[in-house]
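Student: Could you walk me through the aromatic contacts in this model?

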Amino acid sequence: MRIRESLPSTSSLSWKKLQQDAEVLENTHLFQLFTEDPERFKALSLQAGPVLMDFSKQLIKIDTLDSLVALAEEKQLPRWIERLFAGEEVNDSERRAAQHWALRLPVNADGPHAPPELVQQVHQPLAKMRGLVELLRTGRWRGYSGQVITDVVNIGVGGSDLGPMMACRALEDAAACANADLAGSVPNVHFVSSMEGSQISRLLQRLRPEKTLFVIASKSFTTLDTLANVDTALAWLKNHHADEALVKRCHFIGVSTRADLMQAWGIVPEHQLEFWDWVGGRFSLWSTIGISLAVKIGFDAFEQFLAGAHCMDEHFRTAPLAQNLPVVNALIGVWNTNFLNINAHAILPYDGRLKHLPAYLEQLEMESNGKSVRRDGSWVSHRTCPIIWGEVGPNAQHAFYQLLHQGTERVTSDFVLVANRYREAHYASVADALQQQHRLGIANGLAQSQLLALGEQILPDAAQLPAHKRYQGNQPNTTFVLEELTPYSLGALLALYEHKVFVQSVIWEINPFDQWGVELGKKLAHSTHELIEQGAGADLSSLDASTAGLLTFMQGVQQ
Ligand code: F6P
């Protein structure tokens, strides 16, 4: 464990109380807690807007929650929530506010956290985006040869890719409904992120340049990964049509905080969509970075998505801590990490449309809270963000669940279930069979979360089982249920996780809105790239033996 001090400086009263609670609970089994209190679900589940959260399978007693709330109060969480919504500089290392929540303010919002200038600032580029989205969705955007655009390719990485990509996949049904009467004019949406070209190379083989539009999505407009893919896209277009200015005008939209760089690259002003420094990359899905999603599902549905997130913002801003879903979710994470010492957390959606949710949350949580220095510059004395990974649950059952059930590692999990599915008209011909499959998925999600928590004790004859067939259980987990997966409910669920990240950062005293840890790697890659381009004659003496050895080997086989 890479922690510089051995004892928590956080040895406050509430921290100590929680340590004592943990000593007792570490020797308690969830099966026992459920046996003692059949009303556990009622006491330990919460609903906010379209999201139900059942945390009764967490290894807590009802009064553990009181101690966790006391810790949050001691860390001045209510004041931090106020600071977030007042637009104060909560991102202190970059001297910026973090106002992703403002992107979800409705146009008629009022109150002290929604000053008219802010609401107007947010809605202006959204209105511009709506215009571009409508041109594309109604087949009125033409490429260099006058052909209708049939394919939109989002080029971005990290927050400029994962959010729109995850949501496009999650909202395929919403898209099919919204697009039903648009006579096939809605473009297909694709995503390209990886700098080494595997995605764009495959995509360009099947797209037609005169019918393809690229969205350059980059907050900084300097990210090498994105610019490398953009260079390839431009070269492809220019191979088919030599007039670069025309190609840039007809085939590129830019989304960035850097209008100057978009302009310098050649994005025409009408196709530049701006957002602001106070939106962190991994929180930017709600801004004009969401254009690919809006193309896919339509602008009205995109507004529903924002409305769902706003509903969770309001809940987070106003609900008492003990009934506040993002707060409670975050505090349970703190409990598991800092008091039960569980450092791995799986995201397990039981709905294939949420395939990319784990990757999205990996960035959201680990890039935000994967830190070991407090806001005041001192090293933390406690663990921060656990390792997060995941997969669509039914597939993961056949991959890594073995470790969850019988391995030596303690792991917590979030199950995500959707109650209703396959009710849309486009499934009508096979609705019964698909709904049957959906119920099978739900049954498996419920069974796995039960078995992980309660273990073999749910079986009458557990004691007779041979050792290799035994299940210890006591792997804490939370289940989120959405009535349906819609733009609104997805928006609410994602906002819940965003606020969870913020609450945990407050408890851990770290800044969740910067990411200095990824910067040095980028610089090193730059100088290494220069050496690679110099070829066999490059002076590798400044490199460590491993890097020099690997490079020399590759140069040898490349010749
Ligand atoms: O990985 C670092 C990072 O800065 C992320 O935070 C961000 O989402 C991603 O790179 C892409 O950055 P940009 O949108 O500026 O291209």
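**Aromatic rings and their neighbours**

Tutor: Happy to! Trp265 has a relative accessible area of 15%, so this residue is buried (under 20% relative accessible area, with exposed over 50% and partly exposed in between, for a 1.4 Å probe and protein chains only). The model is predicted, so local features need pLDDT of at least 70 and side-chain atom pairs pLDDT 80 or more, while totals for chains, interfaces and linings use all residues. Residues are numbered from 1 along each chain as its sequence is written, and side-chain values use heavy atoms, leaving out hydrogens and water.

Student: Which class does the pair of Phe252 and Trp265 belong to?

Tutor: Rings of Phe, Tyr and Trp (its six-membered ring) pair if their centres lie within 6.5 Å; planes under 30 degrees apart are stacked, over 60 edge-to-face and the rest tilted. Phe252 is buried at 0%. Its ring centre and that of Trp265 are 4.8 Å apart, with planes at 65°, so the pair is edge-to-face.

Student: Which residue lies over the face of Trp265?

Tutor: A charge sits over a ring if NZ of Lys or CZ of Arg is within 6 Å of the ring centre and within 35 degrees of the ring normal. Here the distance from the ring centre is 4.3 Å, and the residue is Lys248.

Student: Why is the pair of Trp15 and Phe339 classed as it is?

Tutor: Trp15 is buried at 2% relative accessibility, and Phe339 is buried at 4%. Their ring centres are 4.7 Å apart and the planes are at 55°, so the pair is tilted.
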